[in-house]
Amino acid sequence: MKDLIVYYSLEGNTEYVAQVLKEKLDARVRCLTPKKAYSTKGFAKYFWGGKSAVMAEKPELESYDIDLSEIDRIIFGFPVWASTFAPPIRTFIEDNREALAGKRFAAFACQAGSGAEKALDKLSKCLNETAFEQTAIFIDPKARHSEETDRKIEEFANALKAE
Ligand SMILES: Cc1cc2nc3c(=O)[nH]c(=O)nc-3n(C[C@H](O)[C@H](O)[C@H](O)COP(=O)(O)O)c2cc1C
C-alpha cells in the first residue's frame, strides 16, 4: 500500500511529525507551501492566520508534484488554527477533489491547547464526510518535544500500519 503524507506547517511542529512518520511508514511526503507565506511574527501571525482559517480561505500554493493515481491512502497533517485545519489543506483538497475520490484517509493535528477534535471533524466534512482510518493529536510536538511525543508518533505509525 502506498501512503502519501500531505502537510502544511508554519513553524515546524507538523513537519516534525510528518518526517518521523515518513521514515516509519516508508511513505511519500509533500509539504504544501502557500505562494504568499503566512507571518510567523507576534500579532500578525495569529491575526492573519486566524482570519484566513475562519474565512475558510484557499490560499494559492506553490506547485507540487504529486501523482495521486499511485497513492492508496493520504495522511493529512496540519496545525490547528482557530479550531480548524490550516487553510493550505483546503486548497489541496479543492484542487484535487476528483483525484481524491475513493482514496483512504488518515489525519493528524498539531495544537498548542485545544480545538484539534473540531478541526479533524471539519476536515472530514471537507472530504465529503469520509471517516479517517486513524487520527492523532499532538501538542506542539517540536517546540515541546519529549519522549512521550515520539512514543505517540510511534503508536500512530503502528496503528496506520495495522489498517
Ligand atoms: C493562526 C494560528 C491559530 C492558532 N489557533 C490555535 C487553536 O485554535 N488551538 C490551539 O490549540 N492552537 C492554535 N494555534 C497553535 C498551533 O496550532 C500549534 O502551535 C501547532 O503545533 C503549530 O504547528 P506548526 O509548527 O506545524 O505550524 C494556532 C497557531 C496559529 C499560528
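Analyst: Setting aside neighbours within four places in sequence, Ala-112 is in contact with Ile-139 and Asp-140 (contact means C-beta atoms, placed from the backbone, within 7 Å). This is a predicted model, where local features need pLDDT of at least 70 and side-chain atom pairs count only at pLDDT 80 or more, while totals for chains, interfaces and linings use all residues. Numbering starts from 1 along each chain as its sequence is written.

Where does Ala-112 sit? Ala-112 is in the loop between S5 and helix H5 (116-126); helices (H or I, at least four residues) and strands (E, at least two) are DSSP runs, numbered from the N terminus. Ala-112 counts as exposed because 12 other C-beta atoms lie within 10 Å (12 or fewer is exposed, 20 or more is buried, and in between is partly exposed, with C-beta atoms placed from the backbone). Pro-141 is 29 residues away from Ala-112 in sequence, yet the two are 9.2 Å apart in space, C-alpha to C-alpha.

S5 (104-111) also turns up elsewhere: it is among the elements covering the buried residues of H1, as are strand S6 (135-139) and helix H6 (147-162). Those buried H1 residues are Asn-13, Thr-14, Glu-15, Tyr-16, Val-17, Ala-18, Leu-21 and Leu-25. H1 itself covers residues 13-25 and reaches 19 Å from its first C-alpha to its last, close to the 18 Å expected at 1.5 Å a residue (the expected span is 1.5 Å times one less than the number of residues). Just after H1, Asp-26 takes a positive phi of about 55°.

Technical notes:
Two residues are in contact if their C-beta atoms, placed from the backbone, lie within 7 Å.
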